[in-house]
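Work through the exercises below with the sequence and the model open. Each task is followed by a solution in steps.

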Amino acid sequence: MSQTDALRRIALALDLAVRAHEGQRRRDGRREPFVNHVADVARRVSESPEADEVTLLAALLHDVVEKTPHGTDEIERIFGAEVAQVVAELTDDETLPRRQRHREQVARAPGMSPAARRVKLADKASKLAALAASPPRWWGQRKVERELREAGEVAAALRGADPNLEASFDREAEALARVLERNHGAS
Ligand code: ZN
């Protein structure tokens, strides 16, 4: 595959993600467009020297099946079976209660493909960074603490996936822990 083909597919994935997530907002305090999260995850993944094209495409598409009407069959048709498989690995069953969804993420993590593990780590890092920058106004300190703890549990189950992305997750977790400590001191 030529480099131009790879760039074309990345542009195509970005375009699909922007259209699919149109109108959706992040749940952070600033209510950013949801697709900002997708771009942030792709940027984080791209910073790992070990991330290949499939990983980058999966990063751009990682929330499309979970949060929009698009299916893995469509992703397979456009981007191939490998990308569709990684996106499927990253798709949670949103009908399950939150705690059960979390437990399943932890249980599934060690068996995930290297590409899915990289995207998952970047996904968790991105969420913690958004919480540190601007926690949702209606969230109490406890809820942010729980998010941090649960993200750490998933990241621990993903260990060995990618040293760069693990280090970047750790930095975001520490930054959020510092914000929580500061707020704790202030209250
Ligand atoms: Zn995500």
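Helix axes are lines fitted to C-alpha atoms over the stretch in contact, and angles run from 0 to 180 degrees between N-to-C directions. The model used here is predicted.

**Exercise 1. Helices H1 and H5**

Task: Determine how H1 and H5 are oriented to each other, and list the residues that make the contact.

Solution: 
- Step 1. H1 spans residues 3-20 and H5 spans residues 72-79; their axes come within 11 Å and cross at roughly 155 degrees.
- Step 2. Angles over 145 degrees count as roughly antiparallel. H1 and H5 are therefore roughly antiparallel to each other.
- Step 3. The crossing of H1 past H5 is right-handed.
- Step 4. H1 contributes Arg9, Leu12, Ala13 and Leu16 to the contact, and H5 contributes Glu74, Ile78 and Phe79.
- Step 5. Sorted by class, the H1 contact with H5 holds five nonpolar and two charged residues, and no polar ones.

**Exercise 2. Two partners of H9**

Task: Which orientation does H9 have to H8, and which to H7?

Solution: 
- Step 1. H8 packs with H9 (residues 141-157) at an angle of about 160 degrees, and their axes are 10 Å apart. H8 and H9 are therefore roughly antiparallel.
- Step 2. H8 passes H9 in a left-handed crossing.
- Step 3. On the H8 side are Lys120, Leu121, Lys124, Leu128 and Leu131; they meet Val144, Glu147, Leu148, Ala151, Val154 and Ala155 of H9. The contact of H8 with H9 comprises eight nonpolar and three charged residues, with no polar ones.
- Step 4. H7 (residues 98-108) packs with H9 at about 25 degrees, with the axes 8 Å apart. Angles under 35 degrees count as roughly parallel, and H7 and H9 are therefore roughly parallel to each other.
- Step 5. Arg98, His102, Gln105 and Val106 of H7 contact Arg146, Glu150, Glu153, Val154 and Ala157 of H9. By class, the contact of H7 with H9 has three nonpolar, two polar and four charged residues.

**Exercise 3. Val65**

Task: Locate Val65 and list the residues that Val65 touches, leaving out those up to four places away in sequence.

Solution: 
- Step 1. Val65 belongs to helix H4.
- Step 2. With that exclusion, Val65 touches His70, Gly71, Thr72, Ile75, Val87 and Thr91.
- Step 3. From Val65 to Val18, the C-alpha to C-alpha distance is 13 Å, at a separation of 47 residues in sequence.

Key
Residues numbered from 1 in each chain as written. Predicted model: local features only at pLDDT ≥ 70, side-chain atom pairs only at ≥ 80, totals over all residues. Heavy atoms only, no water. Helix = DSSP H or I, 4+ residues; strand = E, 2+ residues; numbered from the N terminus. Parallel < 35°, antiparallel > 145°, perpendicular 65-115°, else oblique. Left-handed = near helix turned anticlockwise from the far one by under 90°. Contact = heavy atoms within 4.5 Å. Nonpolar A, V, L, I, M, F, W, Y, C, P; charged D, E, K, R; others polar.
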